[in-house]
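Please open the structure in a viewer and keep a selection panel to hand.

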Amino acid sequence: MIPAGGLPFSVHGQLPVLESPILLVQLSGWIDASGAAATAMENITRIADAKELITFDADTFIDFRARRPVMELREGVNTRIVWSTPELRFGRDEKGKDVLFLTGPEPDSAWRFFARTVGDLAVELGVSQMIGLGAYPYGAPHTRPVGITNTTPSAETSKRLPHGKSSLDAPAGVAAILEHELHDRGIEAIGFWAQIPHYVSTMAYPAGSAALIEAVCAETGLQFDTSSLAQEANTQRERLDQLVQSNPDHAEMLSKLEAAYDAVRTQTAIDIASNMPSADQLAEEIEQFLRDQQSGGTQ
């Protein structure tokens with residue numbers, strides 16, 4: 001279904017004339033451990049004072065049986081219906097550089113049509129580069145800097161980027177489809193993924209959000225302040241350290257998780273006894289420990 005106007009979106013006002021904007025993409029509904037990517041995008045759009053530019057047609061892209069709108073009920077009065085739909089917003093970084101933000105829910109249908117539509121808009125608005133944001137659980141300790149991996153359709157771009165590289169077959173999100181769509185139109189497209197420690201992947205992890213923003217800034221030259229996220233990350237780090245160090249067994253497990261992680265990162269051998277749990281198992285045990293501490297239980 002296409003709206004009566006013939007386009008699957010509506011424009012708020014007129015399309016602005018932009019100077020080589022960067023397109024940042026973060027759509028909810030796909031992998032985002034700790035909500036790190038969503039938090040990163042929230043911080044960036046707040047700093048950029050992002051305003052609505054384009055709203056995509058909900059009836060074209062959203063299945064409301066799977067993603068129902070919210071009814072705001074006040075004293076029996078159905079005051080309004082809140083619809084969730086993808087949108088393109090516009091703002092500027094701290095140096096005044098133009099930035100576009102593709103946010104909202106990941107479309108439930110018509111992915112290729114959505115990608116073509118975003119591609120057309122990217123060309124019309126003069127987008128110079130696209131970067132998608134994501135985060136996934138990983139066998140990493142919270143005592144190490146957050147690792148970033150990249151995805152891109154371009155082998156040359158991947159080789160240039162200083163981040164981790166993965167080789168696997170995995171279900172794709174819409175952002176991956178957009179990477180190919182923009183790449184095919186001559187626009188460099190990259191995905192940055194933060195590696196979030198398994199045992200904190202169900203709670204907020206500001207260090208992951210800060211790492212994503214820093215990766216974006218390093219790649220694009222954009223400037224967004226991450227000091228508030230860094231402060232939150234330091235506070236959380238201290239709390240996690242206290243929780244783990246309060247139990248010698250779990251302190252030992254964290255030490256072994258660190259050793260296993262460092263071995264993988266440096267691709268060196270490590271002598272771990274055959275009865276020692278794997279990095280994933282260690283992460284699961286630490287996660288359970290933290291949950292017990294939060295609920296007031298003991299082990």
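The stops below cover pockets, a cavity and a surface patch.

This is a predicted model, in which local features need pLDDT of at least 70 and side-chain atom pairs count only at pLDDT 80 or more, while totals for chains, interfaces and linings use all residues. Residues are numbered from 1 along each chain as its sequence is written, and side-chain values use heavy atoms, with hydrogens and water left out.

**Largest pocket.** Select Thr 151, Ala 170, Pro 171, Ala 176 and Trp 193, which are the closest to the centre of the largest pocket among its 36 lining residues. The volume of this pocket is about 920 Å³. A pocket is an open set of points on a 1 Å grid over the protein atoms alone, with protein on both sides within 12 Å along at least five of seven lines; lining residues have an atom within 4 Å of a point. Volume is the space filled by probe spheres set on the points, which are joined across faces, edges and corners. Next, colour β8 (129-138), β9 (148-151), α5 (174-184) and β10 (188-197), the elements that give two or more residues to this lining. Helices (H or I, at least four residues) and strands (E, at least two) are DSSP runs numbered from the N terminus. By class, the lining comprises 18 nonpolar, 13 polar and five charged residues.

**Second largest pocket.** Move to Pro 145, Val 146, Ala 207, Ala 233 and Asn 234, which lie nearest the centre of a pocket lined by 15 residues. Its space amounts to about 290 Å³. Both α6 (206-220) and α7 (227-245) supply at least two lining residues, and α7 gives the most, with six.

**Cavity.** Which residues line the largest cavity? Select Leu 23, Phe 56, Leu 88, Leu 100, Val 118, Leu 121, Ala 122 and Val 127 to display that lining. A cavity is a set of grid points where a 1.4 Å probe fits but cannot get out. Helix α3 (residues 111-124) gives the most to its lining, with three residues. The lining has eight nonpolar, no polar and no charged residues.

**Surface patch.** Finally, select Met 71, Leu 73, Ile 81 and Trp 83, a nonpolar surface patch with about 410 Å² of accessible area together. Such a patch joins nonpolar side chains within 5 Å, from residues with over 30% relative accessible area and no salt bridge. Accessible areas come from the Shrake-Rupley method with a 1.4 Å probe. Leu 73 belongs to strand β4 (residues 70-74).

How values were computed. Patch = residues over 30% accessible without salt bridge, like charges linked within 9 Å, V, L, I, M, F, W, Y side chains within 5 Å. Salt bridge = Lys/Arg side-chain N within 4 Å of Asp/Glu carboxyl O. Nonpolar A, V, L, I, M, F, W, Y, C, P; charged D, E, K, R; others polar.
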